[in-house]
Amino acid sequence: MTRTIACFALTFTVAALATVGLDAQSTPPAPAAVAPAAPATTAKPYFAESSMNVFRRFSGDGAKTLEFYGQVLGFGDVGAVGGVSRYQVGPSQLKFTRAGANAKFTRGAINDAAGVRLWTMWFPEEATLTKRFTDHGFAAPVFKTVGGSRSALIADPDGEWVQLVVEPNAPKEAYGRLEIGIAANDLEKSRAFYRTFVGLEELPPVKDAVVGVTKYPFRHGSTTISVWATPGPKPVNPQLAGIQYVVKPVDPIWALAQQRGIPVEQALGETLPGLVTTWLYDPDQVTNYFAEIRPRPRPAQPPAK
């Protein structure tokens, strides 16, 4: 049920209330005291979906970038809303919008900058995928067998890195997985943020022979955030890319962020009618964007004449 920020559906269910008669001569029992629930210590208990979305701002040829993810990689185009183009990967969405005219990003090799540096996706068949590249005028990806898997590491038209993994005959849901790779200037701070603030499940570390790093994965449903250490301090790319969580409610996450001193990109507020959000930064200024859909009262209808 993932949606972009401009087209969240506002749906409500109203339960019917049954009227129960009480004996006029009886006294109803006093309600039992209920202790207030303790506030959650991470954001995860407020997640409304078992996946995450990712977004990125492009600064190059936007048409080629969108062609790459839609027609070449073959992800379903679910339509652009408010200047945000969206592509479906399983239950997650990739979201793209144009960067501001003055935006400056460090690109280069994967470990030349900190922040979101790699998206990994899975595919059932190598030849068909390769043909889509050449049919659209892109260079064919060079697949190699590493650790028993066929994979290719390539840069998209905007210079951002993508890892393509071929896994034939896997269950259908395997091709709906999405991995977000983050290079961290301070690995322990980054791990602590995703474990103790966001509240994601941390899995055992994995040695990635393709990227040449040890990843620390954090999983939520079909989406994984994998964090690794940069080789020395690297420049960050604030506002280039981020992660979106659909939550309910968002207010406790904002309160927790204030309590923990989490850096704020955008304070709690109504971004669009019926959409309340807060945008927070991880230790490498990767946007973590928490969004709640809220019901809005319908305007009163004039009485029928």
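Arg219 and Glu201 join their side chains in a salt bridge, 3.6 Å from N to O (a side-chain nitrogen of Lys or Arg within 4 Å of a carboxyl oxygen of Asp or Glu). Arg219 sits in strand S12 (residues 213-220) and Glu201 in strand S10 (residues 201-202), 18 residues apart. Strands are DSSP runs (E, at least two residues), numbered from the N terminus.

Arg219 is partly exposed at 34% relative accessible area, and Glu201 is partly exposed at 37%. Buried means under 20%, exposed over 50%, partly exposed in between (1.4 Å probe, protein chains only).

## Model and confidence

This is a predicted model: local features need pLDDT of at least 70, side-chain atom pairs count only at pLDDT 80 or more, and totals for chains, interfaces and linings use all residues. Residues are numbered from 1 along each chain as its sequence is written, and side-chain values use heavy atoms, with hydrogens and water left out.

Mean pLDDT (the predictor's confidence in each residue, from 0 to 100) is 88 for the protein chain, and 86% of its residues reach 70 or more. Over residues 1-32, pLDDT stays under 50. Where pLDDT is low, the predicted coordinates should not be read in detail.

## A buried pair and a network

The model has 18 salt bridges. One of them pairs Asp156 with Arg56 at 2.4 Å, N to O. Asp156 lies in the loop between strands S7 (149-155) and S8 (161-166), Arg56 in strand S1 (residues 53-58), 100 residues apart. Asp156 is buried at 5% relative accessibility; Arg56 is buried at 3%.

Salt bridges with shared partners connect Arg56, Arg107, Arg117, Asp156, Asp158 and Glu160 in one network.

Conventions:
Contact = heavy atoms within 4.5 Å. Helix = DSSP H or I, 4+ residues; strand = E, 2+ residues; numbered from the N terminus.
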